[in-house]
Amino acid sequence: MIARFAVSLTIPDNAAYTALVALRHLGVDVDRIERSDLFEFEGSFDVGELESTIRTIETIFNPNKHRLELRPGAEPLPGEVWIGERDEPVATSSRVTVAGRILAGVQSLRRASAWRLFSGGRTADSATVGHAVDSLLCNTAFQRALYDSRTSTDAAHA
Amino acid sequence: MKVGVLVFPGTNSEDETVRAVQAAGVVAHLVHWSTDPAAAGDFDAYILPGGFAYEDRIRAGAVAAHDKLMDVVIAGAQAGKLVLGICNGAQVLLETGLVPGTGPIRRPSAAFAPNAAGGRFRSVRVYARPVGDRARSPFLAALSGEPITMWASHGDGRLVASAVELQAIESGDHIAFVYTDERGRATDAAIPNGSALGVAGLINARGNVLALMPHPERDSWVFQHRDGPEKLAAMNDTQAMLAPSGGSEIFTAFARALGATSAAR
């Protein structure tokens, strides 16, 4: 099974604000950005137990400033792009560890950053997300961007 | 002649860099991100020092590459001015596309990405030596060619690019430095970060823009060494402590190249 968790800040997100200012500077029509760290776990595990474990790993989740959500879908939300390393070494083992903690039943782990863009009070359309991806959010030399049911940058490295 | 040492929010190696440049006999000034770009153009060369420009938000070097000061640096580089990026400055140069320079500006074709082994930060003294025909760059031509000691101190120093781009980097003589052992042999063990082709530094085709991942300014004087025989022997001897160390050769070469390029421009 696969379970995706998103960790986002409940306090002001300076990185998201910087991205907002930079994207506006680059002419991208965006008025708000939400950012979260995505963790995709694969293996045979109890999702509730895994979530409980994650909540105790302070390098991932600090209850004083983070929100932890289980992401049900396999695709980004509307207006959202997932940026991950193209050739990220996927942790594959019978004993995947995070910050020294063994995650029972987890056989692989991938990470990504999720950026959700809003424009005109609504989630940004695909063209706006694509503009943000191309101009700043993704370095196609080592990253891939997944949004709107597409992996936008594969063509550049085909 | 004077060198502008750029400071972005989060840069942290500017003072050592200025001192190392000045020790090589060249005037250096800090150029903060709030500087009027028109005034920032009044330098003969630029150095982008190490640190975490804009806190490496989004990814290392990404935001700084779009700072208005970088418009000045890009214009200067295109006019033939010398530009040296060290560590985070090197990451910025790759994000601008100035190095390796095989694609359009601000469309990076390569990156210094998170280190192998999960992006773990490493701080270790390394050797790197210039490779290829050094005559292709005034900067490289001013080096002895011997391995130079520097400090690799980064979490994102692994050169990555597509196979096609790596081939272009190799065939285009864009590899300026590779990690080596102390005898100058390029070995896997000498690479601190999993960098493709063992690359420690890249240079553009014109030879005036160098992106160097390890820090020469952190190994420019004996007093910067870790405790060991050389440093212990220099204890209680101010002159010996202030003696130049390996990384100073980078700044000496930079000063020589600056003289050569300024005379040519």
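**Figure 1. Buried face of helix α1 of chain B in the predicted model.** Among the residues of helix α1 (residues 14-23) of chain B, those that are buried are B:Glu14, B:Glu16, B:Thr17, B:Val18, B:Ala20 and B:Val21. The structure shown here and in the following panels is a predicted model. In an α-helix, which has 3.6 residues a turn, residues three or four places apart point the same way. After α1(B) comes B:Gly25, with a positive phi near 95°.

**Figure 2. The open sheet of chain B.** Nine strands of chain B form this open sheet, and their order is β2-β1-β3-β4-β11-β10-β9-β6-β7, with mixed pairing. Its edge strands are β2 (27-32) and β7 (148-154) of chain B, each of which pairs on one side only. From one strand to the next, the twist averages 25°. Helix α4(B) packs on the sheet and touches β3 (45-48), β4 (82-86) and β11 of chain B. The direction of α4(B) makes about 120° with that of β4(B).

**Figure 3. Pairing of strands β10 and β11 in chain B.** Strands of a sheet pair through backbone hydrogen bonds, in either a parallel or an antiparallel sense. Strand β10 (residues 199-203) and strand β11 (residues 209-212) of chain B are antiparallel and pair over three bridges. Opposite B:Gly201 stands B:Leu212, which belongs to β11(B).

**Figure 4. Surroundings of B:Glu95.** B:Glu95 lies in helix α4 (residues 88-96) of chain B. This residue counts as buried because it has 30 C-beta neighbours inside 10 Å, where the cut-off for burial is 20 or more. When neighbours within four places in sequence are left aside, B:Glu95 is in contact with B:Gly61, B:Ala62, B:Ala65 and B:Pro108, and also with A:Asn139 of chain A. B:Ser144 is 49 residues from B:Glu95 in sequence, and their C-alpha atoms are 29 Å apart in space.

**Figure 5. The contact between chains A and B.** Chain B contributes 17 residues to the contact and chain A contributes 13 residues. On the side of chain B that touches chain A, ten residues are nonpolar, three are polar and four are charged.

**Figure 6. Organisation of chain A.** Three helices and eleven strands are present in chain A. Their pattern along the sequence reads β-α-β-α-β-β-β-β-β-β-β-α-β-β. Of the 158 residues in chain A, 29% are buried. Among contacts in chain A with a separation of 6 or more, 70% are accounted for by residues 24 or more positions apart.

Conventions
Residues numbered from 1 in each chain as written. Chains lettered and ligands numbered in written order. Predicted model: local features only at pLDDT ≥ 70, side-chain atom pairs only at ≥ 80, totals over all residues. Contact = placed C-beta atoms within 7 Å. Nonpolar A, V, L, I, M, F, W, Y, C, P; charged D, E, K, R; others polar. Helix = DSSP H or I, 4+ residues; strand = E, 2+ residues; numbered from the N terminus. Buried ≥ 20, exposed ≤ 12 C-beta atoms within 10 Å, placed from the backbone. Pairing = 2+ DSSP bridges. Axes fitted to C-alpha atoms, helices over the stretch in contact; angles between N-to-C directions.
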